[in-house]
Amino acid sequence: MEGLTTPARPPGLRSWKRRRRLLCLTGAVAVAATAAGVHAAQQTSHRMQSGKAPLVRADVAPPGLFVAGDRLDGKRSSNPALRGRDARTLVAPALAPLGGEGPVASTSPDGATVAYDTWHWTKDVDWFRSLELQGVRSGDVLGAPAIHLLSLSTGADRRLEPGSSSIAWRADGALAYTRGTSPNYRWNEPYLRDVVVSADAGKHAVTWSESPDLYRVLAWAGPALLVQRNEAGATPELDVFEGPGQARVLARDADLIAVSPDGGSALVAESRASTASPRIRLVRVADGSELAALAFDDIPDPVSGTSLSWVRGPGDWVGTSVVVPSETGLVVLSVGAGSITVSQVIHLDAATRPDGTFYEPRFTDDSLRSVVAWSDVSTPLGKPWTSAQILCDRVSLTCEQADPVAATQQPRPVYTRSGGH
């Protein structure tokens, strides 16, 4: 069975440390780099040292497109349809409790459409109390997902079929997502979904999976679709779909970090839950062969000197650089055709708190000098979770934190995990 994330948090991004403690839902539910960007990264890489980064409060306003609740803000976006405009109000808040870690909204390759996940709750639930004491029984409907497509030029908003969730745009504008066998999610029951692909943005969807399962669409790697398949009591499996009924396993017990800009390979992270010596692996999407690997034991934290216990996706892959969250902050990797090396490890004390894990780190521009991410902020037990956006300068090794906001209102980046664009 599959677990929902709690409604007090942003969709799909549960703290690894917190969910070990608060999984009350028991048993249930890349951007291609420009030549200038690669050159800039090469020019500044020698000045980027590993170490501890102080965290100070500041007004954080990174460039890019962000969604927060029912607001889409692109004042500093490179998209001409949004640049300089006031935030737009969405038909429904962007929310993806079934989405796991990944984008809650993504822009089409031509920049004309934003696809975003929504969720309609049918019951008000206090996630700090027993659901049984609140009258919730197995089989009760708790909510329903649905993808919306927003035209940035006209403002028209179209909802796809009920039960649709998770988003991945292909380079030609085709949209992949999952579709539940039922439009509603029922408490304590597995929410089975099919993998579907629409060549015309949701108007005519073709089922690619042979049978429904606990699928979640992750990214396109060129013409191949990467899909996560969950299994109760086990770490996820990463599958490759190459057409209707054409699926194979790419990596078992692995989490997708990022897809290479050309779509030919993928970085995946193993888990200490499945192996005593986990590694970051570079695998070829075409046949699953391993091209390179880096052991977690070879990534030391610059403060404690101990090796990291985990890193995980989603990360951001630009040129040959990949930024990924870790248990003590951020790790920047350099990935070649047959090698993975550590470029920088940024330690932040905020990341080492029980609820301090960083999420969705993104390079802010082609210089790769700064990274924007967000993190949980500790709150008293029983109080709603809050989150804060964080902007780190890799050269000065300093980080700024915005004022905390309700977790459901945290600015989430609008991006794609796909490669091969």
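## Strand β20 and its covering

A residue is called buried when its relative accessible area is under 20%, and by that rule six of the six residues of β20 are buried, so that the strand is mostly covered in this predicted model. In a regular strand the side chains alternate between the two faces of the sheet. In β20, Ser265, Leu267 and Ala269 point one way, while Ala266, Val268 and Glu270 point the other way, and all of these residues are buried.

## The neighbours of β20

β20 pairs with β19 in the antiparallel sense, over five bridges, and within this pairing Leu256 has Val268 of β20 as its bridge partner. The hairpin made by β19 and β20 has five residues between the strands, and Gly263 takes a positive phi near 80° in this hairpin.

β20 also pairs with β21, again in the antiparallel sense and over five bridges, and here the bridge partner of Ser265 is Arg284 in β21.

## The largest nonpolar core

The largest nonpolar core of the model has 21 residues, and those with the most contacts inside it are Ile257, Leu267, Ile280, Val311, Leu333 and Ile340. At least two residues of this core are supplied by each of the strands β19 (254-259), β20 (265-270), β21 (279-284), β22 (290-295), β24 (321-326), β25 (329-335) and β26 (340-347), and the largest share, three residues, comes from β25.

Which residues does Ile257 touch, if those up to four places away in sequence are not counted? Its contacts include Leu267, Val268 and Ala269, together with Ile280, Val311 and Val322, and among the others are Arg312, Pro314 and Arg417.

## A buried residue in a loop

Leu214 is found in the loop between β14 (205-207) and β15 (215-221). Is Leu214 buried or exposed? Its relative accessibility is 6%, and because this value is under the cut-off of 20%, Leu214 counts as buried. The C-alpha atoms of Leu214 and Glu231 are separated by 7.1 Å, although these two residues are 17 residues apart along the chain.

## Confidence in the model

The protein chain averages a pLDDT of 86, and 84% of the residues score at least 70. Over residues 6-46, however, pLDDT stays under 50, and for this stretch the model has 127 contacts beyond four places in sequence. Where pLDDT is low, the predicted coordinates should not be read in detail.

Definitions and conventions
Residues are numbered from 1 along each chain as its sequence is written. Side-chain values use heavy atoms; hydrogens and water are left out. Helices (H or I, at least four residues) and strands (E, at least two) are DSSP runs, numbered from the N terminus. Buried means under 20% relative accessible area, exposed over 50%, partly exposed in between (1.4 Å probe, protein chains only). A nonpolar core is a set of buried Ala, Val, Leu, Ile, Met, Phe, Trp, Tyr and Cys residues joined through side-chain atoms within 4.5 Å. Contact means heavy atoms within 4.5 Å. pLDDT is the predictor's confidence in each residue, from 0 to 100. Two strands pair if DSSP finds at least two bridges between them.
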